[in-house]
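The sequence and the structure are shown below.

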Amino acid sequence: MQTIFHVNTNGPKLYEFTDDVVRFANDAGVETGLLTLFVRHTSCSLLISENADPDVKLDMNNFFARLVPDADDASMRWLRHTCEGPDDMPAHIKAALTPVSISIPIANSRLVLGTWQGVYLFEHRTRSHQRQVVAHISA
Amino acid sequence: MQTIFHVNTNGPKLYEFTDDVVRFANDAGVETGLLTLFVRHTSCSLLISENADPDVKLDMNNFFARLVPDADDASMRWLRHTCEGPDDMPAHIKAALTPVSISIPIANSRLVLGTWQGVYLFEHRTRSHQRQVVAHISA
Amino acid sequence: MQTIFHVNTNGPKLYEFTDDVVRFANDAGVETGLLTLFVRHTSCSLLISENADPDVKLDMNNFFARLVPDADDASMRWLRHTCEGPDDMPAHIKAALTPVSISIPIANSRLVLGTWQGVYLFEHRTRSHQRQVVAHISA
């Protein structure tokens, strides 16, 4: 059983789509199984992180912005792949440091997500995108 | 087929539970399949790493402590989410940099783990926790 | 359905094997399923990244070399696990920061890889290796 989630983004940030994922899994009629998410891009990624305090999302994004500054930052002058803008190669790097796929078991017809776990699309590019996340459930 | 591994932790460190995982997979009676591990938390993570020299675990933990210092370090003054202690937001960041789920094939009724691969719960919080890792096997 | 891909490496770099993965998945005769890749080592890893501009591979490798310098760099004097050479512990760390397993759905008998997504073995050791990646397909 598969579906595609479309996530609209406008700049580097965490975009939560936990509700969509939970609804898809709970409606699947699978008692014991495995849900896998896969993002079809190389400049955004997936993340499971706390979804209680919105400051967590800000801090998370700021950490990655500091760890991998844009190409116009003096510390990143060594980058070669800069033709698509100063945020492009850093986006690929951030996408390498975070998951492209995540698998979450289903038990008793429910995802086993922990209490504080939210599912996010982590956008690393500045301009707007519509991102695709393929979801697959195996029984 | 599913189970939950409970891992007791007391501080930021790598806690090996390879034997539990191997036993569960080998006893499953599945000749060809896939084992998936999923950690139900946002301030610890999973890791596969060398389990021959215990210094690897120390170096690994020290690297992450240096890459993401606690909030009371001068370099981290920009963090907002600090209400739950100086180690809380850094724990979420370290958990983002390492896997929340890992999948290992089963071949000839055995996990295909490499010779030096151990399976770890990577705790990022200072105080004690009991962590849950859900294991799912699909045939 | 399983196979093992053997990837020969000679130094820290990204080695693409997308074609092998696509061929295995497309020849599997599975209309809807999930392909999982698992690398059986602790000093190399897997990566999905852009495969259009070869500079992306160079920049990616250079970023990790800067983030985790070899043990003979002054900034890494604190490393303990150095007996197997200055590139060994940094290789374990780089392998912790990037995936050991990746899962990609199959839809309409084809991997749902995005247009720019290539599949790579990310070698972190200096000397030559033959690396094993186990591929598993579940229907």
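## Surroundings of I137(B)

Leaving aside residues up to four places away in sequence, I137(B) touches M1(B), F24(B), A25(B), A28(B), V30(B), L34(B), L35(B) and I106(B), contact being heavy atoms within 4.5 Å. I137(B) lies in strand β8 of chain B, residues 128-138; strands (E, at least two residues) and helices (H or I, at least four) are DSSP runs numbered from the N terminus.

With a relative accessibility of 4%, I137(B) counts as buried, that is, under 20% relative accessible area with a 1.4 Å probe, protein chains only. T3(B) is 134 residues from I137(B) in sequence, yet the C-alpha to C-alpha distance is 9.1 Å.

## Basis of the model

The model is predicted: local features need pLDDT of at least 70, and side-chain atom pairs count only at pLDDT 80 or more, while totals for chains, interfaces and linings use all residues. Residues are numbered from 1 along each chain as its sequence is written, chains are lettered from A in the order in which they are written, and side-chain values use heavy atoms, without hydrogens and water.

## Interface of chains A and B

Between them, chain A and chain B bury about 2,400 Å², of which 66% is on carbon and sulfur atoms; buried area is the accessible area (1.4 Å probe) that two parts lose on being put together, summed over both. In chain A, the residues losing the most area to chain B are D59(A), F63(A) and Q117(A), together 23% of what that side buries.

In terms of contacts, 33 residues of chain A meet 26 residues of chain B.

Technical notes: Buried means under 20% relative accessible area, exposed over 50%, partly exposed in between (1.4 Å probe, protein chains only).
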